[in-house]
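I opened my notebook to record what I looked up, one entry at a time.

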Amino acid sequence: MLLSGVDRNRRLLTAAAGFLLAAVMGLVLIIGFRLATQIRGNVGTLQRASELETYPSVVSQQLTALRERLDTLEYTGHVHAELAASVHGFDRDFAALEREHDLDPSAMHAATALWHSYTPVLTPVLAYHGEPYSDTATNSSLSRSGRVFYAHVRRAELFAQANAAALHRQLAAVSASLQARTAAAASRLRWLLSGGVLAVLLLGLAAAYLQLARARGERAAREAQEQTRDILATVREGFFLLDADYRIGAVWSKALTHMFGRENFAGLSFEELLRDRVSPETLATATKFIKLLWGERAHENLMKSINPLGQLEVSMDNGRGGKETRYLQFDFHRVTGPKGVKHVLCAVGDITSSVLLSRELHEAQENAHSQLDMMVSMLHSDPLQIGTFLDSAAAGLKHINAILKEPARSHGEFSKKLAGLARELHAMKGEASALNLMSIAQRVHHLEDMVAELKGRSELTGNDFLPIVLKLDELLAHLRGVREMTLRLTALRDNSPSPEATLSTPALRIGSSGPEELAATLQSLARKLAQDHGKDFSLTVNGLADCPRSYLPTVKDCLIQMLRNSAVHGIEPDEVRRAGAKSAGGQVRVDFRRAGSGYELLFEDDGAGLSPETLKEAAVRKNIITAEQAAQLDNRAALALIFKPGFSTRAEVSMDAGRGTGMDVVAKAVYGLGGKIGVSTNPGRFTRFKIALPAASESAVA
Amino acid sequence: MLREEELKTFVDGTTRYFEVAAQQPATIGSPYLLEGEPAMHDYTGMINITGKREGVVYFTAPRAMLTVLLMKMQESDFSHESMRDLVGEVANTISGNARRDFGHDFVISVPSVFAGEKPQISQPAGARAFVIPIHWRSHSAKLVVSLT
Amino acid sequence: MDTAKDTSARRPVKLLIVDDSNIVRRRIERSQQFDDLEVVGTAANGIEALELARKTDPDLVTMDLTMPQMDGIECITQLVKLKPEVRILVISALSDKATAVEAMERGANGFLDKPFTDRQLNEAIAELMY
């Protein structure tokens, strides 16, 4: 955990307080010792000084005693010796006192001077030797030297009497000063001791406070650590730090475990974390992206949109033993210290619900758009045509469902279904785009894509058909929606105040339409195809009025497919036509007429025609025939290849052609009516389809 | 509208039952949309789904298939009750799978079992039923899924 | 708009707009809401951009990535060599993250996705310049 600065400071303070405590105690000890020594010395001196104080009067008294003895002619020897001892003691003690430092110098000076003034008078007294008395038998008297001695004593006595008080005063002053100094030292010592005790007390308090604060700080740090741990264990986002080597730090949030299915992340590299979940390219980009954060140029806030891990699809345990798809969002943030970027913080969030929501929103929007498109194209189309289309689409889907319903267990059985499905879907798509019902056409196109994709598989099972049947359901729902819309639109038109609008509609037979509508549909499809493919051609339609109603749906299917083929393959681009000295605009003709007991439908374009060689090559490429078989085919047989299922000469797949379904639908429909179909061509000049149909039965006509 | 992974979950639940119970997985046939009345075999196990989604899922199988299945499971009791139990078990497995994969979105009923009598099927309005043939050995059953 | 801070005391920021679409160039010019921002030039490709950068000494360049003649990546590389202190804001509709990241590697300072709102543009400029 973080060893916070506060904590470090507290430790330093505690150490400083301890050091200070020791220093103060040492100082108190040293100063106190010196003061105590001084006081002890002073006390000795004081004793000597106060002893000295007695000497002047002692000397004075001894001199008096000496004189009185001389007066009474008594023995003086011991008094003289006592006086000498006193003076000598005084001298000694005084000298000792003079050596002391802590004396009031002026008082000491005066005392010294005064004492020294004793010397001249005392010296002759002390220096006296001999017998002061001269004894006779009856009388004793002072001897000659005795009289001199007496005079000296008397002088000294008087001097001492005169000066004793002064000397005493001076010595008392020395004592007093010494006493004052001692008192001062004692007081200093008292202060020192009090101060020392106070300082120790304060420092002790401070240390105790700091210790307490540290304990509290440690507790707070421990609590903070615990809280951090709790947060990391609870938070729903995955958090971790990455170092400059893209390795995960020692701390991470628990949510990562669920997201990545492992417990320990310490030291794990970012690459190891994601290796199985993203493509190597994405991982490389992500690594570079993170590297940008270590640099200085890139602004973190202005690179969110290029984050390659902004939305990562992963498969995760759902907590019930299964797997589910979730979306993770990786967010990267710089973590900076005083020396620049320290780490990159990575936050991983589960954004599944918002991804799904936005997807739903998008789908809903798309739906609304396509509904609007649908509405617009429906407003431009005849509701009867749409009704017809919806009927035939419903029939087509019913047929598709019937194909699916055929029992199948083997690859072959499943595979057989695909051709039928493709045919039905292709026809439906053709009709839908002829009516400009693009939302339907796109859905059918998508289904066709799925079927085409299955065709390439070597092993088919029922599982492969699940998406198709789901898509089929979706398409049915869509068609139902379209039908409802048509009914509402029709109701709207019928309620319109213009009676002509109703009257001008030639036939109000819901669910079917007549030859006029078919001609109009073809014209509209021709215009759309011309526009979509950048071709210029015109369509002429004749004789469809003769077409029996029962043949109309088939005829329509056939014509739509052939018209598409012409627009995509047949009619050449303008440049090519000009180069071939042809008219600028292409011509497509449709003729329907009675022929014998039946009918004949002719379809012709003046386009590029069919080349038998190209057809053969394409058929070989598509594995419809082998190269050997191709070599055997004559031109007529080669042309017939275009009626084979799976045949296409167009490399890429577009909405209008090239899916390998087209002419086989036409052929199958014609055979279904008991008719025949043939093709003739002149390369570079035209392609002509001739369809013969038998007489329509009565019931079919109705 | 039914999603592909949902349909897969139901289908897998069914085929896995065969694999686990009889050590021989079932295969699925060509799926299609149900038109008209549902075709029932002899025994049917059904679960109802409510909650955010509504619908019904049932597994219906002929007596012959169930008999062989019981045999493969080393059972010796081929009574009416055993058959009922068996289709109930299949429905249970399907329901477990669905709970595991979709959790809270689905509230799944306890399976109900029908034998012979015409079951009460409350198909949700606006949802078509998907029929997925289940092939096992030489027999065929059906899984029917209808979900809004 | 609070991004347009009081910057009257400062020298105006010189902006160079690089995009091959007229519409986008005008859009950026029109959308920026800074009083002290001066559009010193607009370029339709990388070569023009470098020439203009030499002449006008811009502080900020908005840069498209897909352009004819010289694309954005190359232009960024050379621009950074020419004027290391210039700020570059890539404004592109590129869905390919790898190229976007490369643009940043070459020295772009930020990336703004097309289409963008006025607010996004102004916030991005504020982030880079103020």
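Predicted model: local features only at pLDDT ≥ 70, side-chain atom pairs only at ≥ 80, totals over all residues.

**Chains.** Two pairs of chains touch, and chains A and B make the most contacts.

**Cores.** Next I looked up the nonpolar cores. The largest has 90 residues, and F389(A), I440(A), F10(B) and I132(B) touch the most other members. Helix α12 of chain A, residues 462–494, gives this core its largest share, 11 residues. I also noted a second, separate core of 59 residues, which includes Y246(A), A286(A), C75(C) and V90(C). As a general note, nonpolar side chains tend to be buried together in soluble globular proteins.

**F389(A).** I listed what F389(A) contacts, leaving aside neighbours within four places in sequence. The residues are M428(A), E431(A), A432(A), L435(A), L437(A), I440(A) and L479(A).

**I440(A).** I then turned to I440(A), which sits in helix α11 of chain A, residues 438–455. Is I440(A) buried or exposed? Its relative accessibility is 0%, so I440(A) counts as buried; the cut-off for buried is under 20%. Not counting residues up to four places away in sequence, I440(A) touches M374(A), F389(A), A432(A), L475(A), H478(A), L479(A) and V482(A). I also checked I440(A) against A298(A): they are 142 residues apart in sequence and 47 Å apart in space, C-alpha to C-alpha.

**α10(A) and α11(A).** I looked at how α11(A) packs with helix α10 of chain A, residues 411–434. Their axes come within 9 Å and cross at roughly 160°. Angles over 145 degrees count as roughly antiparallel, and α10(A) is therefore roughly antiparallel to α11(A). The crossing of α10(A) past α11(A) is left-handed. On the α10(A) side, the contact residues include L418(A), L425(A), M428(A) and A432(A); on the α11(A) side, they include I440(A), V444(A), L447(A) and V451(A). I sorted the residues of this contact into 13 nonpolar, three polar and three charged.

**α3(A) and α4(A).** My last entry is on another helix pair in chain A. Helix α3 of chain A (residues 105–127) packs against helix α4 of chain A (residues 144–234) at an angle of about 160°, with the axes 8 Å apart. These two helices are therefore roughly antiparallel to each other. I recorded a left-handed crossing where α3(A) passes α4(A). How many residues of each kind make the contact of α3(A) with α4(A)? I wrote down 24 nonpolar, four polar and two charged.

Terms used. Residues numbered from 1 in each chain as written. Chains lettered and ligands numbered in written order. Heavy atoms only, no water. Axes fitted to C-alpha atoms, helices over the stretch in contact; angles between N-to-C directions. Helix = DSSP H or I, 4+ residues; strand = E, 2+ residues; numbered from the N terminus. Parallel < 35°, antiparallel > 145°, perpendicular 65-115°, else oblique. Left-handed = near helix turned anticlockwise from the far one by under 90°. Nonpolar A, V, L, I, M, F, W, Y, C, P; charged D, E, K, R; others polar. Core = buried A, V, L, I, M, F, W, Y, C linked by side-chain atoms within 4.5 Å. Buried < 20%, exposed > 50% of the residue type's maximum accessible area, 1.4 Å probe, protein only. Contact = heavy atoms within 4.5 Å.
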